[in-house]
Amino acid sequence: MDHKNSSELNLEDYDSDSNEDEAVSSINACPLVTEKEINRKDDSYILHLSATSDASCNILIGTSNNSCEIFRLGENRLAKLETLENFEHPIIGVQFSPESNDLMYIATSLGNIQLWDLRTPQKFVVQFTEKKEEGSSNDLKTLACFNASANNRLLTAGTELYKGEAFILFWDIRNTTLMGGYWESHTDDVTQVVFDPNDADKLMSGSVDGLINVYDVKHTNEDDALMDSFNTESSVEQLCWYSNKGKDFISCITHTADVQLWSPDDAEPYAHFRRSDITKAMKRKSEAHCYVAGAHRLLGNELLILAGSNWNDGEHLKCMSTSNKKLESFGTLKENRQRVRCSVFNQYHNLLMTGGEQGILNVWNVNLNV
């Protein structure tokens with residue numbers, strides 16, 4: 001076996017905390033509450049997460065092996081409630097219904113979104129899909145993302161390019177009818193569709209084409225519906241609504257691990273944290289290893305950014321705030337043992353849930369006052 005001489009090591013690939021970071025992380029602002037390893041088949045990942053808003057919440061996970069598991073958090077423990085298996089196509093998103101802790105939407109890539117009820121888990125309740133043309137499933141568009149409105153009236157889904165066009169589709173939840181769609185505002189795969197939690201008629205979408213579009217979905221005509229369009233000059237990975245002094249703002253995570261913060265009144269982001277900025281805020285040495293795992297609304301005027309490092313086993317994970325246009329780390333998730341692929345934050349009880357490449361569901365208590 002050849003041994004690499006220490007003098008030949010590329011220090012740019014070495015990633016570690018500075019002494020200053022060790023001192024800060026001695027105050028644990030994000031202690032682990034509990035964790036659970038899923039039933040892993042073929043080393044499956046946890047790719048999607050949703051949770052209800054109560055303290056003893058239900059947690060829904062979607063995995064890379066086309067299955068879902070549901071857990072309940074109670075007395076700082078996770079208990080498995082149900083496993084849903086044998087989805088024929090990859091799961092592209094999961095979400096609890098805004099109306100019930102027992103109802104769940106599960107979307108797969110081949111053009112359908114199913115509503116499941118925990119009380120009768122043998123079969124889905126209803127399915128939202130396109131009408132097949134000529135009876136062939138090949139005519140269904142490939143879904144890339146979906147979201148249900150806060151008033152549980154509309155479902156929307158974004159598609160990959162289909163015959164040169166990218167679609168945003170809408171269903172009426174009350175009768176499962178496909179209402180129509182928009183297909184002129186994006187020129188590449190639609191990666192995100194997110195309803196405003198405070199305004200069920202306002203929707204934003206993001207795409208590989210770099211655009212963030214905001215629509216008033218009361219309008220069926222796309223030209224009338226389009227309210228704003230922002231160019232990230234990148235590729236959109238994740239979008240999140242948040243509020244500041246009663247006004248809506250948008251956070252965007254790009255596929256190049258930048259974080260952009262947008263005001264609807266501006267043509268450019270009012271804050272832009274590049275990967276190098278995030279690496280510095282995490283007090284890491286290797287920009288190449290750092291990634292952004294998620295952005296979440298906090299009660300008040302701040303945003304929680306979850307970022308990590310792929311160095312070693314990807315265990316390094318931090319919570320950061322974005323107050324006053326500055327990115328500051330306030331907590332290290334010390335017990336993390338995986339690269340995080342998805343996360344959800346319960347802002348009413350300061351509970352952060354993460355899932356990732358080791359198939360572990362973690363629940364953290366985020367102390368915002370440390």
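In this predicted model, Asn152 is buried, with a relative accessible area of 7%. The residue is found in the loop that joins strand 10 (143-148) and strand 11 (154-159), and its phi angle is near 60°, a positive value in a residue other than glycine. A positive phi, likewise near 60° and again in a residue other than glycine, is computed for Lys325, which is placed in the loop between strand 24 (316-321) and strand 25 (328-332). Lys325, however, counts as exposed, because its relative accessibility of 54% lies over the 50% cut-off for that class.

The largest nonpolar core has 20 residues, among which Val259, Ile278, Ile305 and Met320 have the most contacts inside the core. At least two residues of this core are supplied by each of strand 18 (236-244), strand 19 (247-254), strand 20 (259-262), strand 21 (271-273), helix 3 (275-281), strand 22 (290-297) and strand 23 (303-309). When residues up to four places away in sequence are not counted, Ile305 touches Val259, Val292, Gly294, Ala295, Lys318, Cys319, Met320, Thr322 and Leu327.

Ser343 lies in strand 26 (residues 340-346) and is classed as buried because its relative accessible area of 15% falls under the 20% cut-off. The side chain of Ser343 makes a polar contact, at 2.7 Å, with the side chain of His296. Leaving aside neighbours within four places in sequence, the residues in contact with Ser343 are Leu49, Ala293, Gly294, His296, Leu306, Leu352, Met353 and Thr354.

Turning to the open spaces of the model, the second largest pocket has a volume of about 420 Å³. Its lining is made up of 21 residues, of which Phe87, Glu88, Gln114, Phe124 and Gln127 are the closest to the centre of the pocket. Strand 5 (77-84), strand 8 (112-117) and strand 9 (126-129) each supply at least two residues of this lining. By class, the lining of the second largest pocket comprises seven nonpolar, 10 polar and four charged residues.

Note on methods:
Residues numbered from 1 in each chain as written. Predicted model: local features only at pLDDT ≥ 70, side-chain atom pairs only at ≥ 80, totals over all residues. Heavy atoms only, no water. Helix = DSSP H or I, 4+ residues; strand = E, 2+ residues; numbered from the N terminus. Buried < 20%, exposed > 50% of the residue type's maximum accessible area, 1.4 Å probe, protein only. Polar contact = N/O pair within 3.5 Å; in protein donor to acceptor, adjacent residues only side chain to side chain. Contact = heavy atoms within 4.5 Å. Core = buried A, V, L, I, M, F, W, Y, C linked by side-chain atoms within 4.5 Å. 1 Å grid on protein atoms, 1.4 Å probe; cavity = no way out; pocket = protein on both sides within 12 Å on 5 of 7 lines; lining within 4 Å. Points joined across faces, edges and corners; volume = space filled by probe spheres on them. Nonpolar A, V, L, I, M, F, W, Y, C, P; charged D, E, K, R; others polar.
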